[in-house]
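Visitor: I'm new to reading protein models. Could you walk me through one?
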Amino acid sequence: MKWLNKLTKSTPKKTISKIKVPLVSSYLNEKRIVFFPAGPSKRQVLGNLIGTLDLKDPTAAIKAILAREEMGSTIIASGLALPHARMEGLSKIEAAIGICPTGVSDPHDGGNPIRVYVLFLGPADNMKEHLSFLSSVSALFQKEGFVDKLTKLASPQGVLHAIRQSEKSN
């Protein structure tokens, strides 16, 4: 009968561990937050942002980003674009933010210029990390008015602080 007691004895349920979602701020630093004056082109923004990243081949990075952009718009909300691609030779996500308060025209913007770019490159062999980061960025910008808030800030330190504060409140 001991075996029956073991079978019928209630066992504590295992708690499902919460999936660890990366913080966007953990991939950024002040050098990776760039402010643009009025009038840059989309290509200039992307090139400057790629220039802030630790990459062996920035030319391959811009080609990968532009190829991904050709496949479809990465505009996810009014004034916000997420240009991204996966590349060989990366061991982790590389990310940068570009802010242009007056906006950058994009053929896919529907009349709303892009004011915040969150550019990132992920390892070609790690789709899970790439999608997790994409999800984190999306969650960060779910808050109403967050794009506006970032465009009103005047320093990379202020932007990084605002992102960290928003992540804490999620």
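**Reading a predicted model**

Guide: Let's start with E69: setting aside neighbours within four places in sequence, E69 is in contact (heavy atoms within 4.5 Å) with K42, T74 and P83. This is a predicted model, where local features need pLDDT of at least 70, side-chain atom pairs count only at pLDDT 80 or more, and totals for chains, interfaces and linings use all residues. Residues are numbered from 1 along each chain as its sequence is written, and side-chain values use heavy atoms, with hydrogens and water left out.

Visitor: Is E69 buried or exposed?

Guide: Buried means under 20% relative accessible area, exposed over 50%, partly exposed in between (1.4 Å probe, protein chains only). E69 has 7% relative accessibility, so E69 counts as buried.

Visitor: Which side chain joins that of E69 in a polar contact?

Guide: A polar contact is a pair of N or O atoms within 3.5 Å; within protein, one must be able to donate a hydrogen and the other to accept it, and residues adjacent in sequence count only if both atoms are side-chain atoms. Here the partner is K42, at 2.6 Å.

Visitor: Where does E69 sit?

Guide: Helices (H or I, at least four residues) and strands (E, at least two) are DSSP runs, numbered from the N terminus. E69 belongs to helix α3, residues 58–71.

Visitor: And how does strand β5 pair with β6?

Guide: Two strands pair if DSSP finds at least two bridges between them. β5 (residues 94–104) runs antiparallel to β6, with seven bridges; G98 stands opposite Y117 in β6. As for cover, nine of the ten residues in β6 (residues 114–123) are buried.
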